[in-house]
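Let's take a walk through a protein model together. Keep the picture open beside you and follow along as we go from one spot to the next.

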Amino acid sequence: MAEELTIGLDIGGTKMAFVVADRHGNIHHASSLPTEAQAEFTHALNRIAGHLNSLIARFISVRGIGVGVPGPVDSDRGIALHAANLGWRNVGLRDAIAERLSRPLPIVLENDVNAGAIGEQLFGAAKGISICLYLIAGTGLGGAVISNNRLLRGASNSEMEIGHVSLDPINGLPCACGQRGCLEMTASGKGIVAQALDRIADYPDSRLSAQAITTRQIIRLAEEGDALAATVMNEAAQALGIACAWCVNLFNPSLIIVAGGLARASWHLLEKPLLQSMRARCLPINAEAVTVSLSKLTDGALGASALVWHKEEQTNRS
(Lines give C-alpha, C1' and ligand atoms only; values in the text may rest on other atoms or scores of the structure.)
Protein backbone atom coordinates (compact mmCIF):
# COMPACT_ATOMS: atom_id res chain seq x y z
CA MET A 1 0.00 0.00 0.00
CA ALA A 2 1.31 3.43 -0.95
CA GLU A 3 2.21 5.72 1.95
CA GLU A 4 -0.51 8.25 2.76
CA LEU A 5 0.38 11.79 1.78
CA THR A 6 -1.04 15.28 2.14
CA ILE A 7 -0.52 18.45 0.16
CA GLY A 8 0.39 21.64 1.98
CA LEU A 9 -0.13 25.06 0.42
CA ASP A 10 1.23 28.22 2.02
CA ILE A 11 -0.14 31.34 0.30
CA GLY A 12 2.11 34.33 0.88
CA GLY A 13 2.20 37.83 -0.51
CA THR A 14 4.92 37.03 -3.05
CA LYS A 15 4.80 33.27 -3.57
CA MET A 16 2.56 30.24 -3.10
CA ALA A 17 4.56 27.28 -1.81
CA PHE A 18 3.39 23.69 -2.24
CA VAL A 19 4.68 20.48 -0.63
CA VAL A 20 3.63 16.86 -0.71
CA ALA A 21 4.50 15.29 2.63
CA ASP A 22 3.87 12.17 4.68
CA ARG A 23 2.71 11.68 8.27
CA HIS A 24 6.25 12.02 9.59
CA GLY A 25 6.92 15.37 7.96
CA ASN A 26 9.09 14.00 5.17
CA ILE A 27 8.74 16.13 2.04
CA HIS A 28 8.26 14.12 -1.15
CA HIS A 29 7.87 17.14 -3.44
CA ALA A 30 8.22 20.92 -3.18
CA SER A 31 7.34 23.61 -5.70
CA SER A 32 6.10 27.18 -5.85
CA LEU A 33 4.29 29.73 -7.97
CA PRO A 34 4.44 33.52 -7.85
CA THR A 35 1.36 34.79 -6.02
CA GLU A 36 0.48 37.59 -8.47
CA ALA A 37 -1.25 39.30 -5.55
CA GLN A 38 -2.72 42.06 -7.72
CA ALA A 39 -4.63 39.62 -9.93
CA GLU A 40 -8.32 38.83 -9.45
CA PHE A 41 -9.35 36.17 -6.95
CA THR A 42 -10.68 33.88 -9.69
CA HIS A 43 -7.34 34.01 -11.49
CA ALA A 44 -5.55 32.99 -8.28
CA LEU A 45 -8.02 30.15 -7.72
CA ASN A 46 -7.52 28.75 -11.19
CA ARG A 47 -3.74 28.81 -10.82
CA ILE A 48 -3.91 27.17 -7.38
CA ALA A 49 -6.31 24.47 -8.57
CA GLY A 50 -4.28 23.77 -11.70
CA HIS A 51 -1.14 23.15 -9.65
CA LEU A 52 -3.00 21.10 -7.05
CA ASN A 53 -4.54 18.93 -9.76
CA SER A 54 -1.11 18.24 -11.24
CA LEU A 55 0.09 17.07 -7.82
CA ILE A 56 -3.04 14.98 -7.21
CA ALA A 57 -2.49 13.24 -10.55
CA ARG A 58 1.17 12.57 -9.77
CA PHE A 59 0.72 11.44 -6.14
CA ILE A 60 -2.31 9.12 -6.10
CA SER A 61 -2.09 8.47 -2.33
CA VAL A 62 -2.81 12.12 -1.43
CA ARG A 63 -5.68 12.10 1.06
CA GLY A 64 -6.15 15.77 1.88
CA ILE A 65 -4.98 19.34 1.41
CA GLY A 66 -4.00 21.89 4.05
CA VAL A 67 -3.98 25.57 3.13
CA GLY A 68 -2.38 28.35 5.17
CA VAL A 69 -3.27 31.98 4.43
CA PRO A 70 -2.31 35.26 6.12
CA GLY A 71 -4.84 37.02 8.31
CA PRO A 72 -7.85 35.79 10.26
CA VAL A 73 -9.58 32.65 9.01
CA ASP A 74 -12.89 31.00 9.86
CA SER A 75 -11.58 27.47 9.63
CA ASP A 76 -14.95 25.83 10.29
CA ARG A 77 -16.54 27.54 7.29
CA GLY A 78 -13.39 27.66 5.19
CA ILE A 79 -13.41 31.44 4.80
CA ALA A 80 -10.41 33.75 4.51
CA LEU A 81 -11.76 36.74 6.43
CA HIS A 82 -9.14 39.37 5.61
CA ALA A 83 -5.91 38.60 3.79
CA ALA A 84 -4.90 42.24 3.38
CA ASN A 85 -1.76 41.65 1.30
CA LEU A 86 -3.81 39.63 -1.18
CA GLY A 87 -6.85 41.89 -1.26
CA TRP A 88 -9.09 39.03 -0.09
CA ARG A 89 -11.94 39.72 2.29
CA ASN A 90 -14.60 37.17 3.32
CA VAL A 91 -13.79 34.77 0.48
CA GLY A 92 -14.91 31.13 0.62
CA LEU A 93 -11.48 29.82 -0.30
CA ARG A 94 -11.90 26.22 0.82
CA ASP A 95 -15.05 25.52 -1.17
CA ALA A 96 -13.85 27.47 -4.19
CA ILE A 97 -10.72 25.30 -4.37
CA ALA A 98 -12.74 22.11 -3.77
CA GLU A 99 -15.01 22.89 -6.73
CA ARG A 100 -11.99 22.98 -9.05
CA LEU A 101 -10.27 19.76 -7.95
CA SER A 102 -10.06 16.77 -10.26
CA ARG A 103 -11.23 14.48 -7.44
CA PRO A 104 -12.85 15.19 -4.08
CA LEU A 105 -10.46 15.64 -1.18
CA PRO A 106 -10.88 17.18 2.27
CA ILE A 107 -9.41 20.67 2.52
CA VAL A 108 -8.44 22.34 5.81
CA LEU A 109 -8.07 26.13 5.72
CA GLU A 110 -6.16 27.87 8.50
CA ASN A 111 -4.30 31.04 9.36
CA ASP A 112 -0.66 30.62 8.36
CA VAL A 113 0.69 31.22 11.88
CA ASN A 114 -1.66 28.60 13.33
CA ALA A 115 -0.54 26.23 10.57
CA GLY A 116 3.06 26.81 11.61
CA ALA A 117 2.22 25.98 15.22
CA ILE A 118 0.47 22.77 14.20
CA GLY A 119 3.44 21.83 12.03
CA GLU A 120 5.79 22.30 14.97
CA GLN A 121 3.60 20.12 17.18
CA LEU A 122 3.36 17.29 14.69
CA PHE A 123 6.81 17.45 13.10
CA GLY A 124 9.05 19.87 14.94
CA ALA A 125 10.15 21.34 18.25
CA ALA A 126 6.77 20.87 19.98
CA LYS A 127 6.33 17.20 19.12
CA GLY A 128 4.69 15.51 22.10
CA ILE A 129 4.04 18.85 23.88
CA SER A 130 0.37 19.48 24.69
CA ILE A 131 0.69 23.12 25.88
CA CYS A 132 2.93 25.43 23.88
CA LEU A 133 3.19 28.94 22.55
CA TYR A 134 4.31 29.79 19.00
CA LEU A 135 5.69 33.25 18.21
CA ILE A 136 6.66 34.20 14.67
CA ALA A 137 8.99 37.16 14.26
CA GLY A 138 9.32 37.84 10.55
CA THR A 139 8.20 40.87 8.60
CA GLY A 140 5.58 41.28 11.34
CA LEU A 141 4.96 39.63 14.71
CA GLY A 142 2.20 37.14 15.47
CA GLY A 143 1.51 34.05 17.52
CA ALA A 144 -0.56 31.01 18.28
CA VAL A 145 -1.35 28.97 21.38
CA ILE A 146 -1.89 25.23 21.56
CA SER A 147 -3.52 24.07 24.79
CA ASN A 148 -4.32 20.43 25.43
CA ASN A 149 -3.50 19.75 21.77
CA ARG A 150 -6.07 22.27 20.52
CA LEU A 151 -5.54 25.66 18.96
CA LEU A 152 -6.79 28.59 20.98
CA ARG A 153 -9.68 30.18 19.08
CA GLY A 154 -10.93 33.73 19.47
CA ALA A 155 -14.43 35.17 19.10
CA SER A 156 -13.56 36.85 15.80
CA ASN A 157 -10.90 34.34 14.67
CA SER A 158 -8.19 36.94 15.28
CA GLU A 159 -6.56 35.59 18.42
CA MET A 160 -2.93 36.10 19.55
CA GLU A 161 -2.34 39.34 17.64
CA ILE A 162 0.46 40.01 20.08
CA GLY A 163 2.27 42.23 17.59
CA HIS A 164 -0.42 44.84 18.16
CA VAL A 165 -0.16 45.04 21.93
CA SER A 166 1.36 48.44 22.63
CA LEU A 167 4.58 48.86 24.57
CA ASP A 168 4.53 52.67 24.34
CA PRO A 169 1.17 54.08 23.22
CA ILE A 170 2.28 57.69 23.72
CA ASN A 171 5.77 58.00 22.26
CA GLY A 172 6.16 54.79 20.28
CA LEU A 173 6.42 54.63 16.51
CA PRO A 174 3.12 54.62 14.61
CA CYS A 175 1.91 51.21 13.43
CA ALA A 176 -0.17 50.34 10.37
CA CYS A 177 -2.97 49.20 12.71
CA GLY A 178 -3.49 52.82 13.87
CA GLN A 179 -1.85 52.53 17.28
CA ARG A 180 1.56 53.70 18.45
CA GLY A 181 4.32 51.67 20.03
CA CYS A 182 3.08 48.23 19.05
CA LEU A 183 5.43 45.32 19.74
CA GLU A 184 5.58 44.73 15.99
CA MET A 185 7.24 48.14 15.58
CA THR A 186 10.20 46.94 17.67
CA ALA A 187 10.32 43.14 17.40
CA SER A 188 9.90 42.36 13.70
CA GLY A 189 11.69 42.89 10.42
CA LYS A 190 9.80 46.05 9.58
CA GLY A 191 10.11 47.13 13.21
CA ILE A 192 13.89 47.03 13.37
CA VAL A 193 14.10 48.90 10.07
CA ALA A 194 11.67 51.55 11.35
CA GLN A 195 13.60 51.90 14.62
CA ALA A 196 16.92 52.27 12.79
CA LEU A 197 15.49 54.93 10.48
CA ASP A 198 13.99 56.81 13.42
CA ARG A 199 17.32 56.98 15.28
CA ILE A 200 19.91 57.20 12.53
CA ALA A 201 20.53 60.91 13.10
CA ASP A 202 21.60 60.11 16.68
CA TYR A 203 24.30 57.70 15.45
CA PRO A 204 26.47 59.66 12.98
CA ASP A 205 29.16 56.95 13.03
CA SER A 206 26.75 54.17 12.07
CA ARG A 207 27.42 52.39 8.79
CA LEU A 208 23.71 52.10 8.16
CA SER A 209 22.45 54.27 5.32
CA ALA A 210 19.02 55.89 5.59
CA GLN A 211 18.52 55.31 1.86
CA ALA A 212 19.03 51.55 1.98
CA ILE A 213 18.37 50.03 5.42
CA THR A 214 17.36 46.39 5.30
CA THR A 215 16.81 43.74 7.95
CA ARG A 216 19.74 41.73 6.64
CA GLN A 217 22.03 44.77 6.77
CA ILE A 218 21.03 45.54 10.37
CA ILE A 219 21.78 41.97 11.46
CA ARG A 220 25.16 41.93 9.71
CA LEU A 221 26.25 45.27 11.15
CA ALA A 222 25.05 44.32 14.62
CA GLU A 223 27.35 41.30 14.38
CA GLU A 224 30.18 43.65 13.46
CA GLY A 225 29.53 45.97 16.42
CA ASP A 226 27.75 48.89 14.75
CA ALA A 227 26.21 50.76 17.69
CA LEU A 228 22.87 51.62 16.05
CA ALA A 229 22.35 48.16 14.60
CA ALA A 230 23.32 46.50 17.88
CA THR A 231 20.97 48.75 19.86
CA VAL A 232 18.04 48.03 17.56
CA MET A 233 18.63 44.27 17.70
CA ASN A 234 19.02 44.28 21.49
CA GLU A 235 15.77 46.20 21.90
CA ALA A 236 14.03 43.77 19.55
CA ALA A 237 15.25 40.89 21.71
CA GLN A 238 14.05 42.58 24.90
CA ALA A 239 10.65 43.28 23.36
CA LEU A 240 10.33 39.65 22.32
CA GLY A 241 11.24 38.72 25.89
CA ILE A 242 8.44 40.95 27.16
CA ALA A 243 6.01 39.27 24.76
CA CYS A 244 7.15 35.86 25.98
CA ALA A 245 6.77 36.91 29.63
CA TRP A 246 3.20 38.08 29.08
CA CYS A 247 2.34 34.79 27.43
CA VAL A 248 4.12 32.72 30.08
CA ASN A 249 2.12 34.40 32.84
CA LEU A 250 -1.13 34.18 30.88
CA PHE A 251 -0.94 30.66 29.46
CA ASN A 252 1.73 28.89 31.55
CA PRO A 253 3.18 26.95 28.58
CA SER A 254 5.94 24.38 28.91
CA LEU A 255 7.47 25.49 25.62
CA ILE A 256 7.74 28.67 23.58
CA ILE A 257 8.79 28.24 19.96
CA VAL A 258 10.19 31.31 18.22
CA ALA A 259 9.89 31.16 14.42
CA GLY A 260 10.09 33.49 11.43
CA GLY A 261 12.73 34.90 9.15
CA LEU A 262 14.02 37.54 11.58
CA ALA A 263 14.30 35.04 14.44
CA ARG A 264 16.04 32.43 12.32
CA ALA A 265 18.55 34.87 10.84
CA SER A 266 19.49 36.48 14.16
CA TRP A 267 18.81 33.93 16.92
CA HIS A 268 22.47 34.16 17.98
CA LEU A 269 21.85 37.86 18.71
CA LEU A 270 18.36 37.51 20.15
CA GLU A 271 18.44 34.45 22.39
CA LYS A 272 20.38 35.64 25.46
CA PRO A 273 18.76 39.11 25.92
CA LEU A 274 15.34 37.62 25.11
CA LEU A 275 15.67 35.04 27.89
CA GLN A 276 16.95 37.64 30.36
CA SER A 277 14.06 39.97 29.54
CA MET A 278 11.49 37.19 29.81
CA ARG A 279 12.75 35.78 33.11
CA ALA A 280 12.91 39.23 34.70
CA ARG A 281 9.16 39.62 34.13
CA CYS A 282 7.78 36.11 34.76
CA LEU A 283 6.43 34.65 37.94
CA PRO A 284 9.27 32.35 39.09
CA ILE A 285 7.08 29.24 39.13
CA ASN A 286 6.09 29.89 35.51
CA ALA A 287 9.61 30.78 34.38
CA GLU A 288 10.93 27.50 35.78
CA ALA A 289 8.35 25.51 33.82
CA VAL A 290 9.05 26.96 30.37
CA THR A 291 11.72 26.36 27.74
CA VAL A 292 12.30 28.65 24.77
CA SER A 293 13.38 27.08 21.48
CA LEU A 294 13.99 28.19 17.92
CA SER A 295 11.59 26.57 15.48
CA LYS A 296 12.67 23.45 13.61
CA LEU A 297 10.36 23.86 10.63
CA THR A 298 11.49 26.30 7.96
CA ASP A 299 8.80 25.51 5.37
CA GLY A 300 5.36 27.10 5.84
CA ALA A 301 3.84 24.67 3.36
CA LEU A 302 4.95 21.73 5.54
CA GLY A 303 3.01 23.26 8.44
CA ALA A 304 0.00 23.54 6.14
CA SER A 305 0.31 19.85 5.21
CA ALA A 306 0.10 18.97 8.93
CA LEU A 307 -3.38 20.53 9.14
CA VAL A 308 -4.94 17.44 7.55
CA TRP A 309 -3.43 15.07 10.13
CA HIS A 310 -4.32 17.46 12.95
CA LYS A 311 -7.93 17.70 11.80
CA GLU A 312 -8.12 13.92 11.63
CA GLU A 313 -6.77 13.58 15.20
CA GLN A 314 -9.22 16.17 16.51
CA THR A 315 -12.13 14.38 14.82
CA ASN A 316 -11.07 11.04 16.27
CA ARG A 317 -10.83 12.54 19.78
CA SER A 318 -14.34 14.05 19.66
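Helix α6 passes helix α7 in a right-handed crossing; a crossing gets that name if the near helix is turned clockwise from the far one by less than a right angle, and it's left-handed if anticlockwise. Before we go on, know that this is a predicted model, where local features need pLDDT of at least 70 and side-chain atom pairs count only at pLDDT 80 or more, while totals for chains, interfaces and linings use all residues. Residues are numbered from 1 along each chain as its sequence is written, and side-chain values use heavy atoms, leaving out hydrogens and water.

Two packed helices are described by the angle between their axes and the distance between the axes. Here, α6 covers residues 227-251 and α7 covers residues 261-281, and they pack at about 55 degrees with their axes 7 Å apart. The helices are DSSP runs (H or I, at least four residues; strands are E, at least two), numbered from the N terminus. Axes are lines fitted to C-alpha atoms, for helices over the stretch in contact, and angles run from 0 to 180 degrees between N-to-C directions. The two helices are therefore oblique to each other (under 35 degrees is roughly parallel, over 145 roughly antiparallel, 65 to 115 roughly perpendicular, and the rest oblique).

Who's touching whom? Among the residues that meet are Met 233, Ala 237 and Leu 240 in α6, and Leu 262, Leu 269 and Pro 273 in α7; contact means heavy atoms within 4.5 Å.

Next stop: helix α4, residues 189-199, whose buried residues include Ile 192, Val 193 and Arg 199. Buried means under 20% relative accessible area, exposed means over 50%, and partly exposed is in between (1.4 Å probe, protein chains only). The buried residues of α4 pack against α5 (215-223), α6 and α7.

Phe 41 lies in helix α1 and Trp 88 in strand β7, so the pair ties together parts that are 47 residues apart in sequence. At 23% relative accessibility Phe 41 counts as partly exposed, whereas Trp 88, at 5%, counts as buried.
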